[in-house]
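Hi,

Here is the structure I said I would pass on.

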Amino acid sequence: MKNIFRGIGVGVAGVAFASGVVAGPAVPVFAQAAEVAQPSTVAVAQVRAGPDHAALATSVQGKQSRIDLSAEQQENAKAIVAATKDSGMNERAAVIAVATAMQESKLENLGHLGAANDHDSQGLFQQRPSSGWGSVEQIRDPQYSTTAFLDSLDEVEGWEQMPLTVAAQKVQVSAYPNAYAQWETQAAELVAQHW
């Protein structure tokens with residue numbers, strides 16, 4: 001029951017947050033979500049860091065987006081990868097987590113955004129304390145928030161075979177379910193770089 005409420009809360013959070021945010025370099029790119037086409041596989045990316053890495057972007061769907069990352073954003077990507085390793089989950093889980101955080105916060109550990117905030121959504125994954133994701137302090141901790149995301153992902157039967165955007169949506173329940181797909185290539189590159 002708790003995960004259902006978490007998912008609903010995060011989905012509602014995405015709707016309200018998207019309606020109140022003006023796009024900018026420090027704000028999630030929800031305005032682009034409307035431009036993301038319905039999922040259709042357009043490429044199979046072979047993103048590798050070396051012979052030890054399996055293909056991380058397996059079913060890239062739709063137009064891909066890319067952002068230049070600050071040192072802080074790179075550190076947050078590294079933290080997500082490290083938390084995924086610590087959890088015992090694989091590189092594909094890390095790609096899904098990084099892409100989700102790219103959509104939700106542009107890899108910025110967001111605090112409360114005042115009037116632009118969706119209820120009490122915060123952190124890399126825009127998780128809500130009131131929906132059972134944890135306390136504000138926990139949600140703002142990249143290790144904790146990533147582990148919470150991965151715990152929910154791991155409960156999704158068959159997530160390993162799902163397109164990234166479908167797996168992310170099963171956890172986040174966003175008003176823009178296809179928006180996660182646009183970050184798969186860059187997320188896979190970041191995971192390959194930091195794994």
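First, some ground rules. This is a predicted model, in which local features need pLDDT of at least 70, side-chain atom pairs count only at pLDDT 80 or more, and totals for chains, interfaces and linings use all residues. Residues are numbered from 1 along each chain as its sequence is written, and side-chain values use heavy atoms, with hydrogens and water left out.

The mean pLDDT (the predictor's confidence in each residue, from 0 to 100) of the protein chain is 76, and 66% of its residues reach 70 or more. Over residues 1-55 the pLDDT is below 50, although this stretch has 111 contacts in the model beyond near neighbours in sequence (contact means heavy atoms within 4.5 Å). Where pLDDT is low, the predicted coordinates should not be read in detail. Helices here are DSSP runs (H or I, at least four residues), numbered from the N terminus.

Helix H3 (residues 91-105) is largely enclosed by the rest of the structure, because 15 of its 15 residues are buried (buried means under 20% relative accessible area, exposed over 50%, partly exposed in between, with a 1.4 Å probe and protein chains only). Asn90 caps the N-terminal end of H3, with a side-chain oxygen 3.1 Å from the backbone nitrogen of Arg92. Just after H3, Lys106 takes a positive phi of about 55 degrees.

There are 3 salt bridges (a side-chain nitrogen of Lys or Arg within 4 Å of a carboxyl oxygen of Asp or Glu):

- Arg92 and Glu184 meet at 2.8 Å, N to O. Arg92 lies in H3 and Glu184 in helix H7, so the pair ties together parts 92 residues apart in sequence. Both residues are buried.
- Glu189 and Arg66 meet at 2.7 Å, N to O. Glu189 is in H7 and Arg66 in the loop between H1 and H2, so this pair ties together parts 123 residues apart in sequence.
- Lys78 and Glu75 meet at 3.1 Å, N to O. They are 3 residues apart in H2, about one helical turn.

H7 (residues 184-194) also holds His194, which is buried at 17% relative accessible area. His194 touches Gln74, Ala77, Lys78 and Val81, not counting residues up to four places away in sequence.

Happy looking!

Notes
Helices (H or I, at least four residues) and strands (E, at least two) are DSSP runs, numbered from the N terminus. A polar contact is a pair of N or O atoms within 3.5 Å; within protein, one must be able to donate a hydrogen and the other to accept it, and residues adjacent in sequence count only if both atoms are side-chain atoms.
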